Amino acid sequence: MTVLSTSLHVPVATAAASIAKTIVVNPSGTGDFRSVQEAVNSVPDYNNQWIKIHLASGVYRGEGGDRRYKSYILLEGEGAQKTSIEWGDYASDSRGHDTASCGTFTSYASNIVVAGITFKVKFAAALPSLLQNTYDGYSHTKQAVAALIAGDKSSLYSCGFVGYQDTLADLFGRHYFKGCYIQGVTDFIFGLGQSIYEGCTISTANSVEKPGFVTAQGRGAANDTNGFVFKRCNVTGPQATYLGRAWGRYSRVIFYQTFMSDIIVPEGWSVWNAHGYENEITYAESECTGPGSKQSGRVRWKKTLTSDELRKFTDISYIDGEGWLGEQPQY
């Protein structure tokens, strides 16, 4: 598990959900546990009461994250600038590591809240002697996941996700990301999640591989409900990028009221794995601003959504029709 925030603000949980127990993690030994994984393991299977795991400031080694039956966990750092979970694994056939198994942080349980932490893929250029399984993402990208979110009803606030390729695996389930920072080069937000990103900063990273691709959304059938919605976000960074490419034949990504710097390539989108299915792909931009939002050079199969269609996807009910967000600890 690893999270990063763009702000020094330390979030404070409100009374929307009562916390049954607080566990403190501190590498110094002054808390209940020294490691994140020990704290997560201490939560009972099939837990149904909110348990806060508070991480003191510092750098934690990525250890895998929560288990499928460890629900109702609030994982709270002291601010993304102060608390981070870091590791340097990457996908490698020779080492038997696929994309899903190389994450710095993985979360498969439902009802998980994460706030004020940085999830980061460390690279060999930074720690050549300490992490022998790292790689230099600048000169050659490989799949290296900073965080994999696959549980339903997951919300993440003021978190950061830093990597190069496949930074954030928004894999399955309904998710809400607010005020987060996500950085990468290739497919750095990917998966089949049904997610809203609100007020997030999406940034490219320097790499010899260019242009990049912000998203690789994998919706595979017309009746699948999943898709990525970016609402009032900021797309920026040092190098050129597409907004996305179609990992699935019915891939769906919507940018709404988002600022786009001049790094967006004119075409905007790539068909990639969905040749022949261009009419089934839903890639849309509405009410976006900035030099990268110009539509004159966009691919001709980009969608224009009606106001009713936009409302369906940009309203919080797209991910939360029954009110689960209001029943979680609020930030």
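Ser 203 sits in strand β18, which spans residues 201-204. Strands here are DSSP runs of E, at least two residues long, and helices are runs of H or I of at least four, both numbered from the N terminus. This is a predicted model, in which local features need pLDDT of at least 70 and side-chain atom pairs count only at pLDDT 80 or more, while totals for chains, interfaces and linings use all residues. Residues are numbered from 1 along each chain as its sequence is written, and side-chain values use heavy atoms, with hydrogens and water left out.

Is Ser 203 buried or exposed? Ser 203 is buried, because its relative accessible area is 7%; buried means under 20%, exposed over 50% and partly exposed in between, with a 1.4 Å probe and protein chains only. Leaving aside neighbours within four places in sequence, Ser 203 has contacts with residues including Tyr 181, Phe 188 and Pro 238, where contact means heavy atoms within 4.5 Å. Gln 239 is 36 residues from Ser 203 in sequence, and their C-alpha atoms are 9.0 Å apart.

Inside the order, β6 (residues 83-87) and β9 (residues 118-121) run parallel and are joined by 4 bridges. Lys 120 in β9 is the residue opposite Glu 86.

There is also an open sheet of 10 strands, again parallel, in the order β1-β2-β5-β8-β11-β14-β17-β20-β23-β26. Its edge strands, β1 (21-25) and β26 (282-286), pair on one side only. From one strand to the next the twist averages 10 degrees. Axes for such angles are lines fitted to C-alpha atoms, for helices over the stretch in contact, and angles run from 0 to 180 degrees between N-to-C directions. The parallel strands β2 and β5 (residues 73-76) share 4 bridges, and Lys 52 stands opposite Leu 74 in β5. Helix α2, residues 307-314, lies across β17 (194-198), β20, β23 (252-256) and β26, at about 100 degrees to β23.

The largest nonpolar core has 57 residues, and Ile 53, Phe 161, Ile 189 and Tyr 197 have the most contacts inside it. Apart from that core lies another, of 19 residues, among them Ala 17 and Ile 254. A nonpolar core is a set of buried Ala, Val, Leu, Ile, Met, Phe, Trp, Tyr and Cys residues joined through side-chain atoms within 4.5 Å.

Last, the backbone exceptions. Most residues other than glycine have a negative phi, and most peptide bonds are trans. Tyr 46 has a positive phi, near 60 degrees, in the loop between α1 (36-41) and β2 (51-55); at 61% relative accessibility, Tyr 46 counts as exposed. Arg 232 has phi near 50 degrees, also positive, and lies in the loop between β20 (227-231) and β21 (234-236). Arg 232 is partly exposed, at 41%. Which peptide bond is cis? The one joining Lys 210 and Pro 211 is, with omega about -5 degrees, and Pro 211 belongs to the loop between β18 and β19 (212-217).

Definitions and conventions
Pairing = 2+ DSSP bridges.
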